Amino acid sequence: VLNEIQARHQRVYERVAPAVVAVQTRDAKNGASCYGAGVVVSPDGLILTSSTIVSADTRSVKIYFQNGRVMTAKVMKVDHNTESCALEVVFGAEDCRPLPYIELCDSSKVSVGELAYTAGNPFHTISRDGQVAWSVGIISGIYKIVSADKRSRYDGVVLETDAAVNPGSDGGPLIDGHGRLLGLMSLCFCESRWLGTA
């Protein structure tokens, strides 16, 4: 049974990890840089990430894949209410397509206790080590939150997980047991619970 569980975790990791990216941005006003994670959700290069990484004044966006590939992206849409951002990869003539991506799922149908994975870029692991930070846990709560984190202004329903979430994981995917995207990891947290949210 343990071998079957381990094999399942490995299959999901092998399918999802190539679609998890590091996102590095530079602000046009003050030149400050910010980093986090993102996830490719279409073969033609649509990436979802967090608006805490991509400010209104973002001048440049670099995307780092775990295989060492580095691409640029342009900001398509920022939604501060959901703290999310859509980016589009800018393909050069020599860039091969399609990109690895993961499918979306209906997060309103998830329940507490279901299997969940987090994938992120804490401390630049993707660009530095070529490795996605991967963790397994469960959906540990579903509730409305007003974030206790000052950089996150999220106010709404979250999926909470006990899978590891670290600085640099924001914008990365929360994944269901079948390898589909449930939500984007957030900086927001509840002071009484102190667990990761998406």
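His-9 lies in helix H1; helices here are DSSP runs of H or I with at least four residues, strands are E runs of at least two, and both are numbered from the N terminus. Before going on, this is a predicted model, in which local features need pLDDT of at least 70, side-chain atom pairs count only at pLDDT 80 or more, and totals for chains, interfaces and linings use all residues. Residues are numbered from 1 along each chain as its sequence is written, and side-chain values use heavy atoms, with hydrogens and water left out.

Back to His-9. With a relative accessible area of 22%, His-9 is partly exposed; buried means under 20%, exposed over 50%, and partly exposed in between, with a 1.4 Å probe and protein chains only. Leaving aside residues up to four places away in sequence, His-9 touches Leu-115, Tyr-117, Trp-134 and Val-136, a contact being heavy atoms within 4.5 Å. Leu-181 is 172 residues from His-9 along the chain, and their C-alpha atoms are separated by 15 Å.

Now the whole chain. It has two helices and 12 strands, in the order α-β-β-β-β-β-β-β-α-β-β-β-β-β. The radius of gyration is 16 Å, close to the 16 Å from the globule rule for 198 residues, so the chain is as compact as a globular protein of that length. That radius is taken over C-alpha atoms, and the rule is 2.2 Å times the number of residues to the power 0.38. The C-alpha trace spans about 45 × 40 × 30 Å along its principal axes. Of the 198 residues, 47% are buried. Among contacts with a separation of 6 or more, 63% are between residues 24 or more positions apart.

Next, the inside. The largest nonpolar core has 32 residues, and Ile-63 and Leu-87 touch the most other members. Such a core is a set of buried Ala, Val, Leu, Ile, Met, Phe, Trp, Tyr and Cys residues joined through side-chain atoms within 4.5 Å. Elements that each supply at least two residues of this core include helix H1 (2-16), strand S1 (20-27), strand S2 (33-40) and strand S11 (181-184). S1 gives the most, with four residues. A separate core of nine residues includes Cys-105, Val-110, Ile-139 and Met-185. As for Leu-87, its contacts beyond four places in sequence include Val-23, Ile-47, Ile-63 and Val-75.

Strand S2 deserves a slide. Six of its eight residues are buried, so S2 is largely enclosed by the rest of the structure. S1 and S2 run antiparallel, joined by seven bridges; two strands pair if DSSP finds at least two bridges between them. Arg-26 has Ser-33 in S2 as its bridge partner. The S1–S2 hairpin has five residues between the strands, and Gly-31 there takes a positive phi near 75 degrees. On to strand S3 (residues 46-50), which is antiparallel to S2 and joined to it by three bridges. Val-40 stands opposite Ile-47 in S3. This hairpin also has five residues between its strands, with Gly-45 in the turn at a positive phi of about 100 degrees.

Last, Thr-161, in strand S9 (residues 155-161). Is Thr-161 buried or exposed? Buried, because its relative accessibility is 0%. A polar atom of the Thr-161 side chain lies 2.8 Å from the backbone oxygen of Ile-138. Beyond four places in sequence, Thr-161 touches Ala-116, Thr-118, Ile-138, Ser-140, Leu-174, Met-185, Leu-195 and Gly-196.

Definitions and conventions. A polar contact is a pair of N or O atoms within 3.5 Å; within protein, one must be able to donate a hydrogen and the other to accept it, and residues adjacent in sequence count only if both atoms are side-chain atoms.
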